[in-house]
Amino acid sequence: MSGEQDRPLILVSNRGPVTFDDEGGFKRGTGGLVTALTGLAVHRDVVWIASALTEGDKQRVAEADGQSFEVDTAGEGTFQVRMVVSDDDAYDRFYNIFANPMLWFIQHYLWDLSNAPDIRRHEIEAFEFGYNVVNEDLAKAVVEEIEGVEEPVVMVHDYHLYTLPGLIRKARPDAFLHHFVHIPWTQPDAWRVLPRGVRREIYEGLLANDIIGFHTRSYRWNFLQCCRDLMELDVDFENGIVRFEDREIWVRAYPLPIDADAIRRVATNNERVAEFEAEILRRRREHLILRVDRADLSKNVLRGFTAFDLFLEQHPEFREKVTFVAQLMPSRTDVPEYAEYLERIEAIVAVVNHRHGTPDWMPIQLKLKDDLEDAVAAYKNYDVLLVNAMFDGMNLVAKEGPMVNEVHGVSILSENTGAHEELGEFALSVNPFDIQELADSIHAALTMAPDERERRAHGLQNIITSRNPGDWIDDQIADIRKKAGVEA
């Protein structure tokens, strides 16, 4: 096998590192994944393949004649991107019917199985003529990019692309395929929602990889169970190995860290952050509770507000002394379940504010926006950070908040987040369905002794800074080298 450095790396994800507007300008992607992979793409011979999501993206694809092109990140170096245009109807079926909500709901235990889903031809055709079509479009681009390259390495990302690895394996048996899943992996029964044929296609696509990565040991364990129970495969739980079609697939946990220095840079010497912070300090009462989330069903926003309502009812001495700031980014509003969820969020906020508010005090301040600087200003000043997701792949807010908080704020953290596996020891751990426990934890956090707050805050920071996104990539590259038999 050729030397590892000689082999170009292909990254594949639905959403790419940049989005182009109609004038040809571009916006950098946000979040830990894009940060980590952008760093990798700048420092290595990498082509990043992703779907063209905007009219500007499609325009850029036409200009590049469908080939990869260079993106200059202005200061951080350049990297190669190849965007793939899929049929609009196919992409809509892929994204809005099958990937979301079908797979997302399965992988976050969100289906109310007594009522939904009812799987008809509509959903099956969304898989066949949507999900598979977009996977085929991206797979074709990958195969073209690796033509003439011996033993290429392809790193595939997330739940949008489960059938893609099988297509690449078929075209290029020599390719090394690595797949990282950024959302939870649920237990076998959750997957029984899918028709058997669809389920088999998804699992066979994933098992075409050489290595499959998850954020936590528990998701890894769930995947191994699924391979045993749903696919009747030979599984080595201790070593994380699945045997399929005369191949051994390694199943590994790689928890995603944040770029602590990057979030600190946003928190300091930033004019917008300073303006938002001045407003927070002007308006704040004695205590500030904060949540920063997408308005996604999995984030458990309604129970968070219900628990706060219960806390105010049971501890009236805190009335007019505490404000709950919730910054929620509207998400997937063209999916009916999400539009309805946002309405329910606004309704419960109105009820709690009416029940407990006074002419000059509003218990919950709801901000429906996606604004990093506003969030960071609040991160710096919260007394309690509430992360009570029902299930979450990782949850980077749980890592970002403690990094820049300046008042030894306390984290309340759902035991069902990926971050809990790392941070649970220094957070107040909660069952996200137990509203009384959540209300009690709010009280415990707000009455905690200063030295205990400080101990927990330092504990969180030490864990969060122990690894960075570069380490996350390095761990995966090291396993790729090891499994491929290439010496570093």
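Colleague: Which residues of β1 point one way, and which point the other way?

Modeller: Leu9, Leu11 and Ser13 point one way from β1, Ile10 and Val12 point the other way, and all are buried. Buried means under 20% relative accessible area, exposed means over 50%, and partly exposed lies in between (1.4 Å probe, protein chains only). β1 covers residues 9-13; strands (E, at least two residues) and helices (H or I, at least four) are DSSP runs numbered from the N terminus.

This is a predicted model, in which local features need pLDDT of at least 70 and side-chain atom pairs count only at pLDDT 80 or more, while totals for chains, interfaces and linings use all residues. Residues are numbered from 1 along each chain as its sequence is written, and side-chain values use heavy atoms, with hydrogens and water left out.

Colleague: Which strands are joined to β1 by bridges?

Modeller: Two strands pair if DSSP finds at least two bridges between them. β1 runs parallel to β7 (residues 153-157), with four bridges, and Leu9 stands opposite Val153 there. β1 also runs parallel to β4 (residues 46-51), with five bridges, and Leu11 has Trp48 as its bridge partner.

Colleague: What is the strand order in the open sheet of six strands?

Modeller: The order is β15-β14-β13-β16-β17-β18, with parallel pairing. β15 (364-368) and β18 each have a single partner strand, so one side of each has no neighbour in the sheet. β14 (residues 322-329) pairs with β15 over five bridges, and Leu328 stands opposite Leu368 in β15.

Colleague: How do I read a helix with buried residues?

Modeller: An α-helix has 3.6 residues a turn, so residues three or four places apart point the same way. In α7 (residues 196-206), Val198, Arg199, Ile202, Tyr203, Gly205 and Leu206 are buried. They cover an arc of only 160° around the axis, which puts them on the same side of α7; the arc is that of the directions from the helix axis to the C-beta atoms.

Colleague: Which residues touch the most other members of the largest nonpolar core?

Modeller: Nonpolar side chains tend to be buried together in soluble globular proteins. A nonpolar core is a set of buried Ala, Val, Leu, Ile, Met, Phe, Trp, Tyr and Cys residues joined through side-chain atoms within 4.5 Å. In the largest core, of 104 residues, they are Val12, Phe98, Tyr162, Trp185, Trp191, Leu207 and Phe223. Helix α3 (residues 88-107) gives the most to this core, with eleven residues. Phe98 is in contact (heavy atoms within 4.5 Å) with residues including Phe127, Leu194, Val198 and Ile202.
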